[in-house]
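This report describes selected features of a two-chain model. The sequence and structure come before the description.

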Amino acid sequence: MNFWNFVTQNRAEIADLTWEHLWMVGISTLLALAVGIPLGILISRRPALRKPVIATANIIQTIPSLALFGFLLPAPWIGERAPRLAILALMLYALLPLIRNTYAGITGVDRGVIMAARGMGLTESQLLFKVELPLAASVILAGVRIAIVISIGLATIAAAIGAGGLGELIFRGLAMVNNAVILAGAIPAALMALAADTLLGWLEKRLSPPRVA
Amino acid sequence: MTTAAQNQNSTDPLIEFRDVEYQSSGREVLRGLNLAIHRGEVLVLLGRSGSGKTTALKLVNRLLRLSRGEVRVEGRDVREWDVIELRRHIGYAIQEVGLFPHYTVERNVGLVLSLERWSKEKNRARVQELLHLVGLSPEISSRYPHQLSGGQRQRVGVARALAADPPILLMDEPFGALDPLTRSDLQREFLSLQRKLGKTVLFVTHDLHEALFLGTRIALLEAGRLVFVGSPQEFLSSSEPLVMKYVEAFGSVENVRGHK
């Protein structure tokens with residue numbers, strides 16, 4: 001069976017799996033943003049927390065993904081259903097680039113600008129939302145971009161615990177020793193990663209603050 | 001001259017340093033600083049880098065916390081002020097300008113006004129007035145800081161510091177990064193602006209020429225200590241050794257000029 005035949009005959013299933021894949025990546029990224037960006041802001045405010053937070057995120061990153069899925073299996077509620085578990089794992093992996101880039105973006109804002117903003121009487125939250133975050137936006141977005149591209153790749157492994165997604169085709173193809181089936185899973189995943197990378201790269205460029213010469 | 005400044009007790013200093021000490025990681029940056037800045041005057045803090053002049057300035061708007069003594073603004077200890085209110089009461093302009101690169105000139109200048117909930121129309125009118133005041137054309141208001149020349153940026157910085165019409169201005173080498181011609185233009189304009197508005201200015205510089213030109217009085221700092229306070233004339237005729245050194249160095253510059 002060649003690749004095109006397989007794809008045309010299994011259009012509906014591939015579309016479903018693509019959607020599942022996208023959904024896992026999307027939800028986990030949103031959760032990671034909700035946790036990672038505030039953590040990045042926090043460690044830019046409390047330098048004492050920087051090392052423990054980054055170290056923890058680093059350690060999570062080093063756990064092999066299959067092992068992480070396994071570790072999370074006994075967790076209550078989350079372990080009950082595979083997609084929940086996959087989403088949690090993907091979220092944990094996405095944290096490091098988000099925390100690190102948020103921190104780097106904020107601490108990279110020109111000292112003179114911060115000093116002037118404080119001196120003008122901006123409150124801490126005005127400083128954050130009107131100055132620091134807008135000026136750090138492109139660096140934070142670079143982190144989001146890395147996180148999403150990694151996530152799309154990692155989400156294929158989620159099929160190993162029955163969470164669905166395009167990984168299912170890859171695993172099935174491996175079991176059947178059928179390259180066409182593997183490619184039917186791998187190619188949409190790769191295209192998804194490329195599309196996300198291009199789109200976010202374009203956004204990142206648009207959000208880069210103009211530099212004062 | 002504004003009358004507001006004259007109606008209040010004109011003899012009370014507007015800014016006062018009393019036995020101020022400031023330490024940073026064990027190092028004494030300022031020691032026993034006593035200094036009063038009166039309404040409507042331009043007091044220039046002169047000194048070389050590391051002399052503590054910028055530190056003294058930042059103690060006034062509480063960008064730094066003093067270690068001992070007190071700093072009073074309008075008779076009130078700065079620690080008793082609400083810090084945001086204090087800072088909005090004081091205009092602040094620095095050498096790196098610190099313009100917000102993601103905001104247009106209009107939003108840069110009008111930011112404090114919009115935080116104070118001015119209406120859009122009032123805000124826009126005030127920005128136009130300020131740009132005119134600092135010698136910038138109105139069409140510049142839609143530009144971004146990176147589209148301006150150094151001199152224009154500094155003018156925008158001054159306009160921004162003046163936005164909420166604060167009675168006090170703190171200026172930290174605001175013209176330091178400019179070429180000599182632009183700098184001397186801005187100094188002249190600033191002086192006439194100050195005379196017109198009657199602001200009380202605390203001005204930091206290491207440039208004696210600037211100090212003599214702008215200062216009502218000059219305060220010389222050296223290694224965290226106040227060495228001399230007096231008018232430019234008194235400065236030039238002082239017998240204080242360090243002051244004489246400054247004047248000598250300045251004199252030799254004048255001579256070079258004379259020979260040309």
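## Helices 3 and 5 of chain A

Helix 3 of chain A passes helix 5 of chain A in a left-handed crossing, a term for a near helix turned anticlockwise from the far one by less than a right angle, clockwise being right-handed. Helices (H or I, at least four residues) and strands (E, at least two) are DSSP runs numbered from the N terminus.

Helix 3 of chain A contributes Arg50(A), Val53(A), Ile54(A), Ala57(A), Asn58(A), Ile60(A) and Gln61(A) to the contact, and helix 5 of chain A contributes Leu92(A), Tyr93(A), Leu96(A), Pro97(A), Ile99(A), Arg100(A) and Tyr103(A). Contact means heavy atoms within 4.5 Å. By class, the contact between helix 3 and helix 5 of chain A holds 10 nonpolar, two polar and two charged residues. Ala, Val, Leu, Ile, Met, Phe, Trp, Tyr, Cys and Pro count as nonpolar, Asp, Glu, Lys and Arg as charged, and the others, Gly among them, as polar.

## Basis of the model

The model is predicted: local features need pLDDT of at least 70 and side-chain atom pairs pLDDT 80 or more, while totals for chains, interfaces and linings use all residues. Residues are numbered from 1 along each chain as its sequence is written, chains are lettered from A and ligands numbered from 1 in the order in which they are written, and side-chain values use heavy atoms, with hydrogens and water left out.

## Chain A overall

Chain A has nine helices and zero strands, and its pattern along the sequence reads α-α-α-α-α-α-α-α-α. The C-alpha trace of chain A spans about 70 × 40 × 25 Å along its principal axes. Of the 213 residues in chain A, 47% are buried; buried means under 20% relative accessible area, exposed over 50%, and partly exposed in between (1.4 Å probe, protein chains only). Among contacts in chain A with a separation of 6 or more, 74% are between residues 24 or more positions apart.

Trp19(A) lies in helix 2 (residues 11-45) of chain A and is exposed because its relative accessible area is 56%. Trp19(A) and Arg46(A) are 27 residues apart in sequence, and their C-alpha atoms are 40 Å apart in space.

Helix 6 (residues 111-119) of chain A has as its buried residues Gly112(A), Val113(A), Ile114(A), Ala116(A), Ala117(A) and Gly119(A). These buried residues pack against helix 7 (124-154) of chain A and, in chain B, against helix 3 (83-88), strand 6 (90-94) and helix 6. Asp110(A) caps the N-terminal end of helix 6 of chain A, with a side-chain oxygen 2.6 Å from the backbone nitrogen of Gly112(A). Gly121(A), with a positive phi near 95°, follows helix 6 of chain A.

Helix 9 (residues 179-207) of chain A has 29 residues and reaches 41 Å from its first C-alpha to its last, close to the 42 Å expected at 1.5 Å a residue. The expected span is 1.5 Å times one less than the number of residues. Asn178(A) caps the N-terminal end of helix 9 of chain A through a side-chain oxygen 2.9 Å from the backbone nitrogen of Ala180(A).

## Arg72(B) and its contacts

Arg72(B) is in strand 4 (residues 68-73) of chain B. Its side chain makes a polar contact with the side chain of Glu70(B) at 3.4 Å, and the side chain of Arg72(B) also reaches the backbone oxygen of Gly75(B) at 2.3 Å. A polar contact is a pair of N or O atoms within 3.5 Å; within protein, one must be able to donate a hydrogen and the other to accept it, and residues adjacent in sequence count only if both atoms are side-chain atoms. Leaving out residues up to four places away in sequence, Arg72(B) touches Leu14(B), Ile15(B), Glu16(B), Arg18(B) and Asp77(B).

## Loops of chain B

Ser25(B) sits in the loop between strand 1 (15-24) and strand 2 (27-37) of chain B and has a positive phi near 40°. Ser25(B) counts as exposed because its relative accessibility is 77%.

Lys199(B), in the loop between helix 7 and strand 8 (200-205) of chain B, is buried because its relative accessible area is 6%. Residues touched by Lys199(B), beyond four places in sequence, include Gly40(B), Leu162(B) and Asp165(B).
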